[in-house]
Amino acid sequence: MLETVSASRHAAGAGTGGRGSPATTRNRRVRRAARRLLLYAVLLALGWAFVLPMVWMLGASLKPENEVMVVPPDLLPSVPQWANYVAAADAVLPFFWNSAKLALLNVAFLLLFASLAGFGFARLEFRGKNVAFAALLATAMIPGIVYLIPQYIMYRQIGWIDTHYPLWVPKVLTPVFGTFLLRQAFRTIPRELEEAAAIDGASTFTVYWRIMLPQVKPALAAVGVLTFLESWNDLFGPLIFVNSQHLQTLPVALALFQGEYFTQTNLMMAAATISVVPPLVLFVLAQKYFVQGVTMTGLRG
Amino acid sequence: MFTRRSFLRTSAAVAATGLAGAAGCGGGGSTSADDGITFLNWDPVEKGTPLANAVRAFQKGSGVKVAIQPAPSSDYDTKLLTIMASGSPPDAIRINDDFVLGYSQQDQLLDLNPYIKRDGLKESDYFEHPFTFPIQSDGRHTAWASGTQPNMVFYNVDAFREAGLPLPPTTWSDENWQWEDFLAAATKLTIPGKRWGVLVFDDTSSETTFTVNNGTDGIYSKDGKRFTLADPASAEGIQWLADLSLKHKVQPPWSTIQAGSGNPNYALSLFATGKVAMMTRNFGAASYLRQNIKDFTWDLAPIPARKSQQTISTLIVWAIPAKAKHPDQAWKLLRSFTDPEGAQELAEQQNLVPASRQAATLLEKAGATPEHLPLVIAATEHGVNENFSPHIQQARAIYRPQLDLIYTGQKSAADALGEVRDRVEQALAGRR
């Protein structure tokens, strides 16, 4: 049946110009252009759907409060209120630096410890390696809320409550996801590279530092960006473990704009706009490595 | 040329330098136990806010240093629960009035009676509801209410005039302000496709107000053991609320209200933009309305009456945890919120009624917005609260989903509430 259809199509084609004739080529081009047009329309619609909240946020950040919730919604302010940004910046800048500091500490130390652990699990041979790796992964299955109170008591006993330590030290010392991702990345590198370095007299640490680490830059970028985002957006940790206002972070500052009975939405959106700038810049700068890293580590087991 | 690569390298170098300094610094908090008191709350405390001013005045007058620990209201209860359970609470806390009973029964809040007696504070100097609410069945006075925010009817004066309607009462009176009058006004104020006549607040406050005023105990019996919302008169009140949308079409449909309820400003912005002519709301909303309504006049009215005319009166409550390290100084802070100077600072935004009768007269000064602002004082006199139980959250988790069925017309209030009565009462008895 398929053959018959194909043959009849061929016959029809032969009668109206045939394969490669100008009419067929034009038809094909038109069809291709139509398909592409459709694809772009779908992509544009999706792109608009994804970017709409951002556009709304920007619009709301420049409106007076009584224009934010008008029905039907209007994306643009009647008169841009730049003073909203001055007020929001005034309120969130001290928190901004705390968030930046914590993100920096988390990214730097987590990359160090996760890459060391990932290298160990990928390349070194030792007894109980698989069990240790499984145990490491298992720790990620326990919801944090389960051990919140014991953790709080422990931090209190060692004097860490109302400091920044609980917000980065435990995280960088237990980098489950980072270790997993970097282990996968290290496993994709040919063993010959490592062996050649060993023949040249490189120690295990030199192999890790000078040979292997440069090879997994995309994965490091991926882990770095994800860690940055996790630290930057962390509301729960600062909320519970930090008491003093001058130590608080941006997510808490944003939440503080929410009142009990109403919210200053325009100021909150201005503060939110300020808070998304660093992740956005970071992502734009590191997106090549980030996408490469996620793709690469996802390919091999 | 400044490339992306060179930018990344420079950034990395700067980051490494910063890192060296930051890593050694945990950034310890400023207030230790010895140089003042710690004070956890969810109100804004930026310079110039009423609470910041009240605390500043207290520090100046008492010499006690106060380290404010702000926590967002949305996540406040989680924070409070964690620090109370860990046994290292701050010296003074803001506490949701829903949870005073539960924490009191766990002996986690200090009995303030010795301080109240020592300072000679008299109940008659305060409104009854805020003063007596924190008194437990065993006589302990485990919290201190500095003010109330009663639910009121907010209405668009211009819309009433345009519709040729007489304005609601300007005193706490039920004359021409029964449920039927309220409904008749809402019907006249409704312009299909343009404006709804009314929007009744969709939380437990309405479940209390419109049942108590129909002659029942509200959601629970006074001892917190019976689910009185399922009683016929209570169910009638809830059905009346549902019918505002379902039968009379004077209120947005439940699906619309639910869709907007994720946005805390939803109802307020509908009212502020003239899409709703009347709404029942906590008096705390007054600040938003003053700030955002520019093109019409609005005012306050009493809650409409049936068998009685009471309104839910949310309290602004503070407490001292039983394990606080500086209870004496913490009490001084709490008391300062009801002393003339502190109460005046807190009431400056005119969105609460001070618990002290003398301080409440501040709301009677001429020229305030809205015109009948002093009505909130009368509302406080007619204030009620939910009859609480330590198991209130479990009870709510059972009965509140039934309200969806009622408000969407899938079941009558009597049926939907009746079928969960036993389960709710078991929950109230702590058996779930």
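Modeller: Let us begin with Asn176(B), bearing in mind that the model is predicted; this residue counts as exposed, with a relative accessibility of 59%.

Colleague: Where does Asn176(B) lie in chain B, and what is its phi?

Modeller: Asn176(B) sits in the loop that joins helix H7 (157-162) to helix H8 (179-189) of chain B. Although Asn176(B) is not a glycine, its phi is positive, at about 55 degrees.

Colleague: Is Asp107(B) buried or exposed?

Modeller: Asp107(B) is placed in the loop between H4 and helix H5 (113-118) of chain B, and its phi, near 55 degrees, is a positive value in a residue other than glycine. The cut-off for an exposed residue is a relative accessible area over 50%. Because Asp107(B) has a relative accessible area of 54%, it is classed as exposed.

Colleague: Which backbone nitrogen lies 2.9 Å from a polar atom of the side chain of Asn96(B)?

Modeller: Asn96(B) is found in the loop that runs between strand E3 (92-95) and helix H4 (100-105) of chain B. Leaving aside neighbours within four places in sequence, Asn96(B) is in contact with Trp42(B) and Asp77(B). The backbone nitrogen at 2.9 Å from a polar atom of its side chain belongs to Asp98(B).

Technical notes. Residues are numbered from 1 along each chain as its sequence is written. Chains are lettered from A and ligands numbered from 1 in the order in which they are written. This is a predicted model: local features need pLDDT of at least 70, side-chain atom pairs count only at pLDDT 80 or more; totals for chains, interfaces and linings use all residues. Side-chain values use heavy atoms; hydrogens and water are left out. Helices (H or I, at least four residues) and strands (E, at least two) are DSSP runs, numbered from the N terminus. A polar contact is a pair of N or O atoms within 3.5 Å; within protein, one must be able to donate a hydrogen and the other to accept it, and residues adjacent in sequence count only if both atoms are side-chain atoms. Contact means heavy atoms within 4.5 Å. Buried means under 20% relative accessible area, exposed over 50%, partly exposed in between (1.4 Å probe, protein chains only).
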